[in-house]
Every structure is written in C-alpha cells, then in structure tokens.
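These are my notebook entries on one protein chain. I record what I looked up, one topic at a time.

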Amino acid sequence: LLRKHGHILPREILRVAMRAMYAVTQSNWYPEGDAVPTLRILRENGFHTGVVSNAADDENTQVLIDRSGFRPYLEYVVSSAAFGKRKPHPGIFQATLDHFEVAAARAVMVGDLYAADIIGGHGAGLNTIWITRRARELPEAEPVAPDAIVSTLSEIPELVSS
C-alpha cells in the first residue's frame with residue numbers, strides 16, 4: 001500500500017512499525033475465561049486441537065497464543081498470514097485436516113465469524129459450531145446453518161463428546 005502511494009521504506013523500518021502497532025493490540029488482548037479450561041477438557045478427552053486464524057501477522061498470532069496460555073493445548077496453529085490464504089478459502093482448512101490426518105467429516109470448526117468460520121468450514125466439509133458470544137443473529141437468508149450454536153466455549157466439550 002505504501003509503495004502504491006509512492007512511499008518506499010526499508011523492511012526493517014516497516015518491521016519495527018508493525019511490532020509497535022501489534023504491541024498495542026497485544027497489551028489489550030485477553031483470552032476468554034472459559035478458553036483454557038475448555039481446551040484442557042478437550043485435550044484430556046483425547047481431542048486434537050488447533051487454531052486456524054485469519055490474522056494478518058503470523059508473529060502476532062504466535063505471541064497472542066503464547067501469552068494466552070493456549071500453547072500447551074494446541075497441536076497446530078496456522079495463520080492466514082503464514083499460509084497465504086484467508087478463511088473461508090478451503091485450502092487453509094485442508095492444510096489443518098492434513099496436519100491432523102483426519103477426514104473433514106470427523107473434524108469440527110468452532111468460530112465466531114459466520115462467513116469465515118461457518119461458511120468456510122462447511123465449504124471444506126467440516127462440522128461447524130458457531131459461538132455467538134459477540135456475534136450477530138443468524139439471518140434467515142444465510143445459505144448455511146451451523147451444526148450447533150453455543151454462547152460459551154464451555155458448552156463445546158459436551159457437544160463433541162456426544
């Protein structure tokens with residue numbers, strides 16, 4: 001974008017500026033209180049867990065995963081910045097399925113963004129759980145219904161275990 005407008009900056013200056021910008025986000029980002037307990041329960045029950053993120057910066061994604069305490073419960077983390085495609089593109093979901101060596105029909109995408117997570121997961125053949133804690137209502141005209149809707153992460157272990 002800068003180059004398009006005639007501004008050419010050395011990569012190191014851009015890197016420093018990006019780190020400064022993400023430092024603000026990182027200091028104001030916190031995990032949901034039920035995230036770590038839910039991940040712990042899922043892992044204790046033998047489920048494989050990972051993150052598929054549409055984040056624009058992979059380093060920032062990794063920092064947030066570590067600071068949140070999620071890392072011990074995750075076997076795979078992929079950001080769209082590192083992968084080169086954003087959800088709902090099926091490739092980012094397929095890469096995750098390939099990592100886990102699991103068929104899409106045996107996997108579940110849990111997400112809060114309808115278009116990226118639910119439509120994207122469904123398009124890749126995954127089961128989907130929409131967490132609506134901060135999401136809007138499902139409009140009647142949406143083409144895909146999630147397999148389940150929850151308002152908290154703590155509802156997930158019971159859903160996937162049954």
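**Entry 1: strands 3 and 4.** I began with a pair of facing residues and found Val108 opposite Asn127, which belongs to strand 4. The model I am reading is a predicted one. I then looked up how the two strands run: strand 3, residues 108-111, pairs with strand 4 in the parallel sense, and four bridges join them. For strand 4 I also checked the cover, and four of its five residues are buried. I note a general point here: side chains in a regular strand alternate between the two faces of the sheet.

**Entry 2: the whole chain.** I next turned to the overall layout. I counted seven helices and five strands. Reading from the N terminus, I wrote the order of elements as α-α-β-α-β-α-α-β-α-β-β-α. The C-alpha atoms fill a box of roughly 55 × 35 × 30 Å along the principal axes. Of the 162 residues in the chain, 36% are buried. The chain exposes about 10000 Å², and 56% of this area comes from carbon and sulfur atoms. I also looked up the contacts between residues at least 6 apart in sequence; 50% of them join residues at least 24 apart.

**Entry 3: aromatic pairs.** How many aromatic pairs does the count give? I recorded three. I found both Tyr76 and Phe100 buried.

I then examined Tyr114 and Trp130, whose ring centres are 5.6 Å apart with planes at 65°; this pair is therefore edge-to-face. Tyr114 sits in helix 6 (residues 114-123) and Trp130 in strand 4, so parts 16 residues apart in sequence are tied together. Are these two residues buried or exposed? Tyr114 has a relative accessible area of 5% and is buried, because the cut-off for buried is under 20%. Trp130 is likewise buried, with a relative accessible area of 2%.

**Entry 4: salt bridges.** My search for salt bridges gave nine in the structure. I looked at three of them in turn.

In the bridge between the side chains of Glu59 and Arg19, the N to O distance is 3.4 Å. Glu59 lies in helix 3 (residues 58-68) and Arg19 in helix 1, so the bridge ties together parts 40 residues apart in sequence. Glu59 counts as partly exposed at 44% relative accessibility. Arg19 is partly exposed too, with a relative accessible area of 26%.

The side chains of Glu32 and Arg134 also meet in a salt bridge, with an N to O distance of 1.7 Å. Where do the two partners lie? Glu32 is in the loop between helix 1 and helix 2 (35-44), while Arg134 is in the loop between strand 4 (127-131) and strand 5 (148-150). The pair is 102 residues apart and links distant parts of the chain. I noted Glu32 as partly exposed, at a relative accessible area of 23%. Arg134, at 60% relative accessibility, counts as exposed, because the cut-off for exposed is over 50%.

For Asp66 and Arg71 I found a salt bridge whose closest N and O atoms are 2.7 Å apart. Asp66 is partly exposed at 44% relative accessibility, and Arg71 is partly exposed with a relative accessible area of 30%.

**Entry 5: a nonpolar patch.** Finally I turned to the surface. Which residues form a nonpolar patch there? I listed Leu2, Leu9, Ile13 and Leu14, which together have about 310 Å² of accessible area. I followed up Leu2, which is found in the segment before helix 1 (11-28). Leu2 counts as partly exposed, at 39% relative accessibility.

Methods
Residues are numbered from 1 along each chain as its sequence is written. This is a predicted model: local features need pLDDT of at least 70, side-chain atom pairs count only at pLDDT 80 or more; totals for chains, interfaces and linings use all residues. Side-chain values use heavy atoms; hydrogens and water are left out. Patches are made of residues with over 30% relative accessible area and no salt bridge: like charges are joined within 9 Å, nonpolar side chains (Val, Leu, Ile, Met, Phe, Trp, Tyr) within 5 Å. Accessible areas come from the Shrake-Rupley method with a 1.4 Å probe; for residues, only the protein chains shown count as cover. A salt bridge is a side-chain nitrogen of Lys or Arg within 4 Å of a carboxyl oxygen of Asp or Glu. Buried means under 20% relative accessible area, exposed over 50%, partly exposed in between (1.4 Å probe, protein chains only). Rings of Phe, Tyr and Trp (its six-membered ring) pair if their centres lie within 6.5 Å; planes under 30 degrees apart count as stacked, over 60 as edge-to-face and the rest as tilted. Contact means heavy atoms within 4.5 Å. Two strands pair if DSSP finds at least two bridges between them.
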